[in-house]
Every structure is written in C-alpha cells, then in structure tokens.
Amino acid sequence: MEVKEKLYTVDDLWAFEQDPAYEDRFLYLIDGELFEDAMPGRIHGRIAVKLGRFLDEFVEAQGLGEVTTEAGYYPAGSRFTLLMPDVAFMRHENLPDPPPEGFVPAMPDLAVEILSPSSTLAELRRKARVYLENGTALVWLALPQRRGVEVCRLLDGRMRGEFVGIDGILRGEDVLPGFELAVSKIFAVLP
C-alpha cells in the first residue's frame with residue numbers, strides 16, 4: 001500500500017485562519033508542505049514596526065503602492081506556496097484589482113523576514129529563495145544578532161546575498177528608487 005502525504009493549499013490555510021483552534025499560529029506553505037513559525041517576540045515585533053514605518057512613510061509620500069505586515073502572499077497560478085513576510089511592499093501596478101480581503105494572489109515586490117531565536121538563517125534563506133523564484137525582486141533578511149541585513153537578489157537564476165552591517169545603508173534599488181535607510185535605525189531598538 002502506498003502512503004501519500006497531504007499537499008496543503010492556500011485554501012487549507014485560509015480555512016485554518018478561520019478556525020479558532022489555529023488562532024495565534026503562524027502557518028505558511030512551500031510546495032504544499034505546511035510549516036509553522038513561532039509567535040514573534042518583542043524584539044522581532046519592534047524591528048518589524050521600525051522597518052514598516054520607514055517603508056510606509058516613503059511609499060506613501062511617493063504614492064508607490066502599499067506596505068503590509070504579516071499578510072499572506074502566494075504566486076499567481078500556484079496554490080501550494082504561501083508566505084507571510086514580516087514586512088512587504090507591493091507596487092500599485094502589481095496589486096490585484098480589486099485588492100483581495102484575504103491572501104494576495106501575487107508575490108510582493110519586496111519581502112522582509114526577521115530572524116527570531118526560534119528560526120534559523122537557513123530557514124530564512126529558503127524563504128528568500130522561494131520569494132525570488134516566484135517574482136519578488138528584493139528580499140531583506142534582518143539579522144538582530146549580527147545587527148545587519150542580508151540583501152538577497154536573484155542573479156543568473158541563483159540567489160545571491162550581500163550583508164549590510166550596522167554602519168551601512170539599506171537601499172531600495174529598482175524596487176523603491178530613492179529609498180535609503182541607515183541600518184543602525186532598524187536596530188536602535190536593541191539593548
């Protein structure tokens with residue numbers, strides 16, 4: 001007898017979101033496999049707020065799109081992958097029309113993931129690769145222990161990462177032209 005594992009879909013995750021038994025659980029999918037992140041802690045939350053605020057102020061002033069936190073995004077045409085970046089930016093022209101109330105059937109232009117004590121850098125890099133292979137142009141991995149950000153891009157079909165330390169400047173590149181943020185401002189919340 002053949003044993004088959006269940007492949008989960010975006011619809012399964014939406015049903016979990018509506019079920020009180022799954023309240024306060026952070027679930028995501030990669031190729032139909034279900035994963036769970038631990039609930040973020042205070043430092044994680046503070047970094048997300050800082051980054052979200054700086055991004056939102058810039059995006060709103062420029063009229064570029066929208067910034068979200070903890071929202072679900074999945075690639076158009078695939079219902080087996082859904083990620084929930086800690087912070088994300090999506091250009092107006094890439095937003096579905098009309099914008100959905102639930103999960104977004106497109107990947108963000110910029111995704112930010114913050115390393116928590118309960119996750120590993122390898123897990124974050126895997127997510128970064130999934131974002132990039134599904135249409136996200138730029139991924140920032142915020143690394144509180146190292147007080148820096150790993151900037152990830154897809155070049156020649158391969159993910160490349162560049163570390164920007166506490167004295168560096170994070171740039172929006174082609175995704176957010178003109179956006180610059182001193183990395184030290186992101187980690188000012190740390191002791």
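**Close-up 1. Salt bridges, with R25 and E36 in view.** Eleven salt bridges turn up in this predicted model, counting any side-chain nitrogen of Lys or Arg within 4 Å of a carboxyl oxygen of Asp or Glu. In one of them, the side chains of R25 and E36 meet at 2.7 Å, N to O. R25 sits in the loop between α1 (10-18) and β1, while E36 belongs to strand β2 (residues 33-37), so the pair ties together parts that are eleven residues apart in sequence. Helices (H or I, at least four residues) and strands (E, at least two) are DSSP runs, numbered from the N terminus. This is a predicted model, in which local features need pLDDT of at least 70 and side-chain atom pairs count only at pLDDT 80 or more, whereas totals for chains, interfaces and linings use all residues. Residues are numbered from 1 along each chain as its sequence is written, and side-chain values use heavy atoms, with hydrogens and water left out.

Close-up 2. Six strands line up as β3-β4-β5-β6-β7-β8 in an open sheet with mixed pairing; two strands pair if DSSP finds at least two bridges between them. At the edges are β3 (65-68) and β8 (158-164), each pairing on one side only. β3 runs antiparallel to β4 (residues 87-91), joined by four bridges, and T68 stands opposite A88 in β4.

**Close-up 3. Two helices across the sheet.** Helix α2 (residues 42-62) lies across β3, β4, β5 and β6 (138-143), at about 170° to β3. Helix α3 lies across β5, β6, β7 (148-155) and β8, at about 165° to β6. Contact here means heavy atoms within 4.5 Å; axes are lines fitted to C-alpha atoms, for helices over the stretch in contact, and angles run from 0 to 180 degrees between N-to-C directions.

**Close-up 4. The cavity.** A search of the whole structure finds one cavity of 30 Å³ or more. On a 1 Å grid over the protein atoms alone, a cavity is a set of points where a 1.4 Å probe fits but cannot get out, and a pocket is an open set with protein on both sides within 12 Å along at least five of seven lines; lining residues have an atom within 4 Å of a point. Of the 18 residues lining the largest cavity, D37, H44, D86, E113 and K127 are the closest to its centre. β1 (26-30), β5 (110-114) and α3 (121-133) each supply at least two lining residues.

**Close-up 5. The largest pocket.** Residues lining the largest pocket include G41, R42, H44, S116, Q145 and P191.

Technical notes. Points joined across faces, edges and corners; volume = space filled by probe spheres on them.
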